[in-house]
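The sequence and structure come first.

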Amino acid sequence: MTQPLLKVDDLSKSFGGLAVISEVSFEVPAGGRLALIGPNGAGKTTMFNLLTGVYRQDVGTVTLDGEVIDAYPSRARIGLGMARSFQNIRLMPHLSVVENVMLGQQSRARGWRDFVAPVSAFGRSAAYREAEDLLASMNIETRPGDVVATLPYGIRKKIEVVRALAAKPKLLLLDEPAAGLNAVETASLRDFLLQISETGVTLLVVEHDMSLVRSLCTSTVVLNFGRKIYDGPVSKVHEDPQVLEAYLGPRHAGEKEAAHV
Ligand SMILES: Nc1ncnc2c1ncn2[C@@H]1O[C@H](COP(=O)(O)OP(=O)(O)OP(=O)(O)O)[C@@H](O)[C@H]1O
């Protein structure tokens, strides 16, 4: 049997006595596209923060590509192949598109000269050219020299994903990638993420937009009050009684349509 790229074993985390994640285990196969969903406050962002090393779990183990990563800080986890994009765009608005993508390369600890002088009398640095090539390969509707602050929100979302890709991740964690996007932008982002998936990058996505989840992901883990209540195909999640109850409450669990799952 092939080993999963990400393995989460029995993870628990409390804040001041409040259990936010309780005994959660799941796996993401290499090349997979898994959605982590659940009602507000279910613990999705906390799970991302545990996986990426922002928080340390109280109990449990996280394994990436066969290596237990619990002792590694965030930066080291990026170096091991885990990159993340955030719910609120965290690009440098005054820098150009290509400069923002170069910021994503830094986790690979290249020579500092590349970044201090990306364009010098000797021409463009290797890092600059690499970032430009990555942008060109992703077909984003922008030019490398455009200042990020001048670009539409949907394009900036894609640039943030490209910046994460600049770290050459095996696993890409996306926190609500469709938040703030209209239907057209969401469809474009979905195609963009599928294009990334086709290159072999594994996707783990926190998302409330179930139409995006259904068209992007094949499997899903559902959290409710920090506990896993479903782990299986996206196509069956809307039929699961526990999931319906979590979204609608016990009295209405029969009303599938209203649950938006
Ligand atoms: N640093 C913290 N200290 C105390 N409580 C926290 C902390 N971070 C999160 N929580 C609590 O943990 C619970 C889960 O929060 P989390 O943000 O992980 O949920 P979520 O599923 O991502 O929610 P949403 O869908 O609304 O973003 C909430 O009750 C939240 O208030």
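## Arg-227

The model is a predicted one. Arg-227 touches Ser-22 and Val-24, leaving aside residues up to four places away in sequence. Arg-227 lies in strand S12, which covers residues 227-233. With 17 other C-beta atoms within 10 Å, Arg-227 is partly exposed; a residue would need 20 or more such atoms to count as buried.

Arg-227 can also be placed relative to Val-62. The two are 165 residues apart in sequence, and their C-alpha atoms are 16 Å apart in space.

## Overall composition

The secondary structure of the protein consists of 11 helices and 12 strands. The protein has 261 residues, of which 40% count as buried. Among contacts in the protein with a separation of 6 or more, 63% are between residues 24 or more positions apart.

## Domains and their contact

The protein is divided into domain 1, made of 1-81 + 169-261, and domain 2, made of 90-167. In the contact between them, 13 residues of domain 1 meet 9 residues of domain 2. On the domain 1 side, helix H2 (74-79) and H7 each supply at least two residues. The largest share of that side comes from H7, with 5 residues. By class, the side of domain 1 that touches domain 2 has 8 nonpolar, 3 polar and 2 charged residues.

## H6 against H7

Which residues form the contact between H6 and H7, and at what angle do the axes cross? The axes of helix H6 (residues 153-165) and helix H7 (residues 183-198) come within 10 Å and cross at roughly 15°. Angles under 35 degrees count as roughly parallel, and H6 and H7 are therefore roughly parallel to each other. Their crossing is right-handed.

H6 contributes Gly-154, Lys-157, Lys-158 and Leu-165 to the contact, and H7 contributes Glu-185, Ser-188, Leu-189, Phe-192 and Ile-196. By class, this contact of H6 with H7 has 4 nonpolar, 2 polar and 3 charged residues.

Helix H3 (residues 97-105) and helix H5 (residues 126-137) have axes that come within 9 Å and cross at roughly 110°. Angles of 65 to 115 degrees count as roughly perpendicular, and H3 and H5 are therefore roughly perpendicular to each other. On H3 the contact residues are Val-97, Val-98, Val-101, Met-102 and Gln-105; on H5 they are Ala-127, Tyr-128, Glu-130, Ala-131, Glu-132, Leu-134 and Leu-135. By class, the contact of H3 with H5 has 9 nonpolar, 1 polar and 2 charged residues.

H3 also packs with H6, at an angle of about 40° and with the axes 6 Å apart. H3 and H6 are therefore oblique to each other. The crossing of H3 with H6 is right-handed. Val-97, Asn-100, Val-101, Leu-103 and Gly-104 of H3 make this contact with Ile-159, Val-162, Arg-163 and Ala-164 of H6. The residues here divide into 6 nonpolar, 2 polar and 1 charged.

## Helix H1 and Leu-50

How many of the 8 residues of helix H1 are buried? In H1 (residues 44-51), 7 of the 8 are, so the helix is largely enclosed by the rest of the structure. The buried residues of H1 are Lys-44, Thr-46, Met-47, Phe-48, Asn-49, Leu-50 and Leu-51. Just after H1, Gly-53 takes a positive phi of about 90°.

Leu-50, which lies in helix H1, has 24 other C-beta atoms within 10 Å and is buried. Not counting residues up to four places away in sequence, Leu-50 touches Leu-11, Lys-13, Ile-21, Tyr-55 and Gln-57. One of these, Ile-21, is 29 residues from Leu-50 in sequence and 9.6 Å from it in space, C-alpha to C-alpha.

Notes. Residues are numbered from 1 along each chain as its sequence is written. This is a predicted model: local features need pLDDT of at least 70, side-chain atom pairs count only at pLDDT 80 or more; totals for chains, interfaces and linings use all residues. Axes are lines fitted to C-alpha atoms, for helices over the stretch in contact, and angles run from 0 to 180 degrees between N-to-C directions. Helices (H or I, at least four residues) and strands (E, at least two) are DSSP runs, numbered from the N terminus. Angles under 35 degrees count as roughly parallel, over 145 as roughly antiparallel, 65 to 115 as roughly perpendicular and the rest as oblique. A crossing is left-handed if the near helix is turned anticlockwise from the far one by less than a right angle, and right-handed if clockwise. Two residues are in contact if their C-beta atoms, placed from the backbone, lie within 7 Å. Ala, Val, Leu, Ile, Met, Phe, Trp, Tyr, Cys and Pro count as nonpolar, Asp, Glu, Lys and Arg as charged, and the others, Gly among them, as polar. Domain bounds come from an automatic or database domain assignment. A residue is buried if 20 or more other C-beta atoms lie within 10 Å of its own, exposed if 12 or fewer, and partly exposed in between; C-beta atoms are placed from the backbone.
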